[in-house]
Amino acid sequence: MTQQPAPRRRHLMDPNAPRKAPDPRDLERLQRVQRRVISVLAITTVLHLAAGLVIAADHVDPDRLDARIGLNVIASAFMTGGIAATLLLNGRRWLSPWLLLGLVPCLVGLWWTVL
């Protein structure tokens, strides 16, 4: 009665058969996908924050026009910052015409809450 050695589990490291080095192109593609995912998450989060501030401006007392305008300007500042962060995450210059999209929450918010 001889016992056979237990088969090596695949999830463990085998010093006799090291893993092959990753392909640089695969790493580059993975990093590109990671940058895109984090960019989408960042811009979506900031967009929701800006929309929440515009909605909050709508719920402020109508006599407090300064508070309504202030919340809309803050929403625009957050949106502009989020767009700049997304540009930087993708390795682009942060000073770009895309930053003009950051003014959209302010303009829409002022139209909706003030006018």
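1. Start with Met 79. Setting aside residues up to four places away in sequence, Met 79 touches Ile 43, Val 46, Leu 47, Ala 50, Leu 101, Gly 102 and Pro 105. Please keep in mind throughout that this is a predicted model.

2. Met 79 also belongs to the largest nonpolar core, which has 10 residues. Helix 2 supplies the largest share, five residues. As background, nonpolar side chains in soluble globular proteins tend to be buried together.

3. Next, helix 1, which covers residues 24-58. Helix 1 has 35 residues, and the distance from its first C-alpha to its last is 51 Å. That is close to the 51 Å expected at 1.5 Å a residue.

4. Which residues of helix 1 are buried? They are Ser 39, Val 46, Ala 50, Leu 53, Val 54 and Ala 57. Helix 2 and helix 3 are included in what covers them. When reading such a list, recall that an α-helix has 3.6 residues a turn, so residues three or four places apart point the same way.

5. Beyond its neighbours within four places in sequence, Ser 39 is in contact with Thr 86, Leu 89 and Asn 90.

6. Ala 57 also lies in helix 1. Is Ala 57 buried or exposed? Ala 57 is buried, because its relative accessible area is 0%. Leaving out neighbours within four places in sequence, its contacts are Arg 68, Leu 71, Asn 72 and Thr 113. Ala 57 and Ala 67 are 10 residues apart in sequence, with 7.2 Å between their C-alpha atoms.

7. Ile 55 is placed in helix 1 as well. Its relative accessibility is 41%, so Ile 55 counts as partly exposed; that class lies between the limits of 20% and 50%.

8. Ile 55 is part of a nonpolar surface patch of about 810 Å². The patch also contains Leu 65, Ile 69, Val 73, Trp 111, Trp 112, Val 114 and Leu 115. Helix 2 and helix 3 (104-113) each give the nonpolar patch at least two residues. The largest share, three residues, is from helix 2.

Note on methods. Residues numbered from 1 in each chain as written. Predicted model: local features only at pLDDT ≥ 70, side-chain atom pairs only at ≥ 80, totals over all residues. Heavy atoms only, no water. Helix = DSSP H or I, 4+ residues; strand = E, 2+ residues; numbered from the N terminus. Contact = heavy atoms within 4.5 Å. Core = buried A, V, L, I, M, F, W, Y, C linked by side-chain atoms within 4.5 Å. Buried < 20%, exposed > 50% of the residue type's maximum accessible area, 1.4 Å probe, protein only. Patch = residues over 30% accessible without salt bridge, like charges linked within 9 Å, V, L, I, M, F, W, Y side chains within 5 Å. Areas by Shrake-Rupley, 256 points an atom, 1.4 Å probe, with all protein chains shown as cover. Salt bridge = Lys/Arg side-chain N within 4 Å of Asp/Glu carboxyl O. Expected span 1.5 Å × (residues − 1).
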